[in-house]
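User: Hello! I am new to this structure and would like to go through it step by step. Could you show it to me?

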Amino acid sequence: MACSCHGKDKVRTVKTLPTDQCTLCAHKHMDDALSLFREIPYERINRRVVVGFVRDAMRHLQIDHRDVALELRDLAIAIDEVRDAEYPTGIITEIERLADKCDELFIADNPLIIDRLNNLNKET
């Protein structure tokens with residue numbers, strides 16, 4: 001599902017391209033990757049779908065946040081080639097770290113989210 005707006009301009013759209021620079025889309029794809037990798041990481045089909053989500057996130061950041069995009073690309077290759085041992089703290093930890101980076105980029109583009117979360121916390 002595409003976001004209804006993306007980028008810093010917040011331009012509403014009904015069509016999002018894979019290469020549109022959007023931290024919300026990258027954040028969403030990394031949440032999907034993390035969720036699925038926690039499920040059944042030893043099955044090839046799950047790994048392939050996780051790799052797809054990570055690469056989707058990468059494309060949404062490849063221009064505006066190239067450094068993170070390159071880290072995502074390296075992670076996708078490692079997952080695809082089952083090089084889990086190269087990550088001493090585990091692939092899930094690396095997915096979480098990069099998902100957190102995507103979340104930080106998303107928050108940087110949408111700083112009012114923190115205020116809304118804090119207000120919601122006060123209400124509950």
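Analyst: Let us begin with a term: a salt bridge is a side-chain nitrogen of Lys or Arg within 4 Å of a carboxyl oxygen of Asp or Glu. This is a predicted model, where local features need pLDDT of at least 70, side-chain atom pairs count only at pLDDT 80 or more, and totals for chains, interfaces and linings use all residues. Residues are numbered from 1 along each chain as its sequence is written, and side-chain values use heavy atoms, with hydrogens and water left out.

User: Which residue does D74 meet in a salt bridge?

Analyst: D74 is partly exposed at a relative accessible area of 38%; buried means under 20%, exposed over 50%, and partly exposed in between (1.4 Å probe, protein chains only). Its N to O distance in the bridge is 3.5 Å, and the partner is R73.

User: How many residues apart in sequence are the parts that E96 and R38 tie together?

Analyst: The closest N and O atoms of E96 and R38 are 2.4 Å apart, in a salt bridge. Helices are DSSP runs (H or I, at least four residues), numbered from the N terminus, as are strands (E, at least two). E96 lies in helix α4 and R38 in helix α1 (residues 23-39), so the pair ties together parts whose separation in sequence is 58 residues.

User: How many disulfides does a search of the whole structure find?

Analyst: A disulfide is a pair of cysteine sulfur atoms within 2.5 Å. The search of the whole structure gives a count of 0. C25 is in no disulfide, as the nearest cysteine sulfur, that of C22, is 3.5 Å away. For C102, also in no disulfide, the nearest cysteine sulfur is again that of C22, at 11 Å.

User: Is C25 buried or exposed?

Analyst: The relative accessible area of C25 is 2%. With that value, C25 is buried.

User: What is the phi of V82 near?

Analyst: Most residues other than glycine have a negative phi. V82 sits in the loop between α3 (66-80) and α4 (91-109), and V82 is exposed, with a relative accessible area of 51%. Its phi is positive, near 50 degrees.

User: In which helix is the place of I114?

Analyst: At 37% relative accessibility, I114 counts as partly exposed. The place of I114 is within residues 112-123, which form helix α5.
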